[in-house]
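Reader: I would like to learn how to read the paired strands and the helix contact here. Could you take me through them one feature after another?

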Amino acid sequence: MSARDKPDEVDPVVAIYPRALPQVHGYLLPRCGSASVAEDLTAETFMAAVTANRRENPPVLTVAWLIGVARHKLVDHWRRVGREERGVAVAEGGCDGVDDPWPSHLDTEAAYAALAKLSAPHRSALTLRYLDGLPVAEVAAMLGRSVHATETLLMRAKAALRRVYREGEGS
Amino acid sequence: MSDPIDPLDHLRLPIVPVEPRAGFAAALLRRIEDQEEPASPRGATVRYFVDDLDAAVDFYRDLLGFEEELRPSPAFAMLYRGDLRLLLSVPGEPHAMPDGTFPEPGGWNRISLHVAELDAIVADLRDRGARFRNDISVGVGVRQVLVLDPAGNLIELFEPLAGYHERATSPVR
């Protein structure tokens, strides 16, 4: 027998790839706002699946599992960006405790644009909490912070978003 | 936990599938395929008893495409074919049952190997001196044939027909 007669079991990552690729990429692209970063993180997500599939008890590969990995890759990306941002002055504080209500009709496109201008930690917290709709406890787990620290971070992030959004309203 | 009137709840962004560039998609698929392992330790292990270890190893390796992994003694060998691990043992004292009987080759149970182009493979094996127990027959969802190893153990070779079923992936291993 020749090599082509080896058992042709399809690799689970290869099997799910055509279906999962647009989903993973579609999750990452609007959240990271950069085509090249989205491609890098999409590739990292699938290579992580290849590695996980080699473990003794591999996970059941589903699109949902891959999206969960992609979310971790996104958070890791923002963590790296956050480290690079350090030293660069990023306007973050200033609005704590100020009751600055949101308009009754939120312009979501303007809010996404404002979000893209925030610092990496704020962007990451707001994306997980609001774009992905995760409960605060899960956001805290993803960011490796306590729930209390995450609540504080979210409060500050929302204030920063409100400020940038308001600047956009004025233009 | 969540404030029901939080205005930012409107920012929820459902996942809309977006096809990436075709070149990127193809390159990533190649990367994934390149990482595939040729064999993994997750498959089944089967033990066959044989009377002539050398003849049996030659048969499984040269005719059926097994890879010889170990032959630590004249009475034992370990071979692989993909996920399947095949142990070949020459019956001896360690295998004796309390009632004094020894295992022996043969019987009707067999491993079943999925092959492509069954006719060509059977013709090739016949040319190379393999012994068959029957001719190719049509079963439910498969065409199959029984080949004998030198000790008389059966190996079933099959190729799928319409209606053939196999679990696409193996979530539980």
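Reader: How many bridges join strand E7 of chain B to E8(B), and in which sense do they run?

Author: Two strands pair if DSSP finds at least two bridges between them, and strands (E, at least two residues) and helices (H or I, at least four) are DSSP runs, numbered from the N terminus. Here 2 bridges join strand E7 (residues 137-138) of chain B to E8(B), and the two run antiparallel; B:Val138 stands opposite B:Arg143 in E8(B). This is a predicted model, in which local features need pLDDT of at least 70 and side-chain atom pairs count only at pLDDT 80 or more, while totals for chains, interfaces and linings use all residues. Residues are numbered from 1 along each chain as its sequence is written, and chains are lettered from A and ligands numbered from 1 in the order in which they are written.

Reader: Which residue in the turn of the hairpin of E7(B) and E8(B) has a positive phi?

Author: That residue is B:Gly141, with a phi of about 80°, in a hairpin that has 3 residues between its strands. E8(B) also forms a hairpin with E9(B), with 5 residues between them, and in that turn B:Gly152 has a positive phi of about 95°.

Reader: Over how many bridges do E8(B) and strand E9 of chain B pair?

Author: E8(B) and strand E9 (residues 154-160) of chain B pair in the antiparallel sense over 7 bridges, and within this pairing B:Gln144 has B:Phe158 in E9(B) as its bridge partner. Strand E6 (residues 131-132) of chain B also pairs with E8 (residues 142-148) in the antiparallel sense, over 2 bridges, with B:Arg131 standing opposite B:Leu148.

Reader: At what angle do the axes of helix H1 of chain A and helix H1 of chain B cross?

Author: Axes are lines fitted to C-alpha atoms, for helices over the stretch in contact, and angles run from 0 to 180 degrees between N-to-C directions. The axes of H1 (residues 12-32) of chain A and H1 (residues 22-34) of chain B come within 10 Å and cross at roughly 160°. H1(A) and H1(B) are therefore roughly antiparallel to each other, a term for angles over 145 degrees.

Reader: Which residues meet there?

Author: Two residues are in contact if their C-beta atoms, placed from the backbone, lie within 7 Å. In H1(A), A:Val13, A:Val14, A:Tyr17 and A:Leu21 meet B:Ala25, B:Leu29, B:Ile32 and B:Glu33 in H1(B).

Definitions and conventions
Parallel < 35°, antiparallel > 145°, perpendicular 65-115°, else oblique.
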